[in-house]
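The sequence and structure come first.

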Amino acid sequence: MHTRGLRVKYGRRDSNHQQILKWYRDLGCTTADTADLGLGLPDAFVGAAGVTDPIEIKSEDGKLRPMQETFIHAWRGSCVRIVRSQAEVIEHVTDMRRRAK
C-alpha cells in the first residue's frame with residue numbers, strides 16, 4: 001500500500017495475540033488493538049481503572065524487533081509492558097489498579 005509516496009508497513013501478530021487481549025477483557029479492561037499499524041508501535045493499548053498502558057505482545061520465545069526497541073526506548077508516556085502469558089496479564093492489571101489509587 002502506498003500513501004503519498006510513503007510505503008505503509010503493517011505489523012505482525014504473535015500467535016498468542018488474541019488470547020492475551022481476551023484475558024485483559026476478561027479482567028474488565030478495555031483494549032485497543034494497534035498491531036496492524038506496524039512501524040514499531042505497541043501491539044495494543046490497555047485501559048483499567050483510569051490508567052492506560054501500551055503493551056507489546058510476544059510469544060514465549062518472541063523477541064523485540066529493532067523498530068520496537070527504538071519505540072520503547074523513545075516513548076515518554078507510561079512504560080510499554082511486554083506481555084507473554086496469562087500470569088503477566090494478571091500482574092499487569094493488578095499494577096494498573098494499584099497505580100490508579
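## Burial and packing

F71 is buried, with a relative accessible area of 15%; buried means under 20% relative accessible area, exposed over 50%, and partly exposed in between, with a 1.4 Å probe and protein chains only. This is a predicted model, in which local features need pLDDT of at least 70 and side-chain atom pairs count only at pLDDT 80 or more, while totals for chains, interfaces and linings use all residues. Residues are numbered from 1 along each chain as its sequence is written, and side-chain values use heavy atoms, with hydrogens and water left out.

Rings of Phe, Tyr and Trp (its six-membered ring) pair if their centres lie within 6.5 Å; planes under 30 degrees apart count as stacked, over 60 as edge-to-face and the rest as tilted. The count by this rule is one aromatic pair. The ring centres of F71 and W75 are 5.1 Å apart and the planes are at 25°, so the pair is stacked.

| Residue | Relative accessible area | Class |
|---|---|---|
| E56 | 2% | buried |
| F71 | 15% | buried |
| D95 | 18% | buried |
| W75 | 36% | partly exposed |

E56 lies in strand 5 (residues 51-57); helices (H or I, at least four residues) and strands (E, at least two) are DSSP runs numbered from the N terminus. Leaving aside residues up to four places away in sequence, E56 touches L41, P42, D43, L64, Q68, V80, R81, I82 and V83, where contact means heavy atoms within 4.5 Å.

D95 belongs to helix 3 (residues 86-100). The C-alpha atoms of D95 and V51 are separated by 9.9 Å, with the two residues 44 apart along the chain. The buried residues of helix 3 are V89, H92, V93, D95 and M96. They cover an arc of only 160° around the axis, which puts them on the same side of helix 3; the arc is that of the directions from the helix axis to the C-beta atoms. A87, E91, T94 and R98 are exposed on the other side. The buried residues of helix 3 pack against helix 1, strand 4, strand 5 and strand 6 (81-83).

A nonpolar core is a set of buried Ala, Val, Leu, Ile, Met, Phe, Trp, Tyr and Cys residues joined through side-chain atoms within 4.5 Å. The largest has 14 residues, of which I20, Y24, C29, V46, I55, V83 and V89 touch the most other members. Helix 1 (17-26), strand 4 (44-48), strand 5 and helix 3 each give two or more residues to this core.
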